[in-house]
Amino acid sequence: MSRLWLIVPAAGQGNRMQADRPKQYLELEGRPVLAHTLARLYQAFPESCLCLCLTEGDPWFDPVWVPFTQWRRVTGGLERVDSVRNALQSIAGEADEDDWVLVHDVARPCVTREDLLALQAALEDEPVGALLAVPAADTMKRASDTGRIRHTESRERLWHALTPQGFRYGLLKKALGHASSSDNVTDEASAVEALGLSPRLVTGRRDNLKITRPEDLPLARHILAAQRENERG
Ligand SMILES: Nc1ccn([C@@H]2O[C@H](COP(=O)(O)OP(=O)(O)OP(=O)(O)O)[C@@H](O)[C@H]2O)c(=O)n1
Ligand SMILES: C[C@](O)(CO)[C@H](O)COP(=O)(O)O
């Protein structure tokens with residue numbers, strides 16, 4: 001039976017957030033973002049094995065935030081893709097080629113259990129792999145270098161890629177092995193696409209926000225509160 005591995009890249013600096021610490025350690029309802037994200041993943045996949053990518057000697061990290069019994073710390077790389085590659089390397093020899101690997105940004109603490117389970121269910125009959133995504137809802141403009149509109153892009157069949165993104169270990173290893181730093185691989189799906197394959201888009205919730213800029217932290221707070229309110233019914 002194939003196993004489930006979770007890779008959580010958490011070795012970024014959060015430069016766009018302009019905070020006094022990496023954004024995964026900013027406080028959200030009394031806990032760091034990282035603790036929320038790991039708790040959400042644990043709710044859905046308590047039996048999985050977690051690879052947590054952290055910067056070397058990360059002074060902010062506290063293992064008390066990790067609810068998983070099976071987990072390991074992996075040293076992150078220069079870019080997100082390098083961190084994920086390091087995590088794959090760390091499980092070489094243990095993971096089977098057809099084990100599932102889900103990669104989820106630490107900066108997405110609002111992902112719901114329902115979306116996580118929907119993605120897992122979609123993977124069951126999916127040979128290539130799949131990711132959570134949402135259809136573009138705004139009118140999309142392509143800009144010139146000077147910040148003026150060059151043209152309006154059709155938003156038909158245009159999606160925002162979210163995480164988690166799930167692939168078989170063997171395929172993901174191959175895809176990231178082929179990707180070079182000039183390829184601008186900002187997610188796992190694009191590395192798999194570069195092999196000529198088409199991962200499946202699984203419609204997720206728009207509130208699976210990636211905390212990126214300062215205004216996103218209060219937004220995440222509102223989302224968590226609204227999700228809790230919804231659960232109470
Ligand atoms: N070398 C890196 C860079 C990013 N990440 C992780 O990849 C995810 C998505 O990246 P992004 O939102 O760009 O995070 P940062 O790189 O931290 O942000 P910024 O680009 O603003 O510095 C985050 O969970 C981040 O911690 C990582 O593990 N290793
Ligand atoms: C993987 C990702 O979250 C998909 O939306 C995103 O590409 C990562 O963000 P980055 O800023 O490009 O690292």
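User: How many of the six residues of strand β4 (residues 49-54) are buried?

Analyst: In this predicted model, six of the six are buried, so β4 is largely enclosed by the rest of the structure. Buried here means 20 or more other C-beta atoms within 10 Å of the residue's own.

User: Which residues lie on one side of β4 and which on the other?

Analyst: In a regular strand the side chains alternate between the two faces of the sheet. In β4, Cys-49, Cys-51 and Cys-53 are on one side, and Leu-50, Leu-52 and Leu-54 on the other. Both faces are covered.

User: In what sense do β4 and strand β5 pair?

Analyst: Parallel, over five bridges, with β5 spanning residues 71-75. Leu-50 has Trp-71 as its bridge partner there. Strand β1 (residues 4-9) also pairs with β4 in the parallel sense, over five bridges.

User: Now the ligands. Which strand gives the most to the shell around ligand 2?

Analyst: Strand β10 (residues 159-168), with three residues. The residues around ligand 2 include Arg-80, Asp-105, Asp-187 and Lys-210. By class, its shell holds two nonpolar, two polar and four charged residues.

User: How many residues surround ligand 1?

Analyst: There are 21, and the closest are Pro-9, Gly-12, Asn-15, Arg-16 and Ser-83. This shell has seven nonpolar, nine polar and five charged residues.

User: What follows helix α6?

Analyst: Gly-233, with a positive phi near 80°. Helix α6 itself (residues 216-232) reaches 24 Å from its first C-alpha to its last, close to the 24 Å expected.

Terms used. Residues numbered from 1 in each chain as written. Chains lettered and ligands numbered in written order. Predicted model: local features only at pLDDT ≥ 70, side-chain atom pairs only at ≥ 80, totals over all residues. Helix = DSSP H or I, 4+ residues; strand = E, 2+ residues; numbered from the N terminus. Expected span 1.5 Å × (residues − 1). Near = placed C-beta within 6 Å. Nonpolar A, V, L, I, M, F, W, Y, C, P; charged D, E, K, R; others polar. Buried ≥ 20, exposed ≤ 12 C-beta atoms within 10 Å, placed from the backbone. Pairing = 2+ DSSP bridges.
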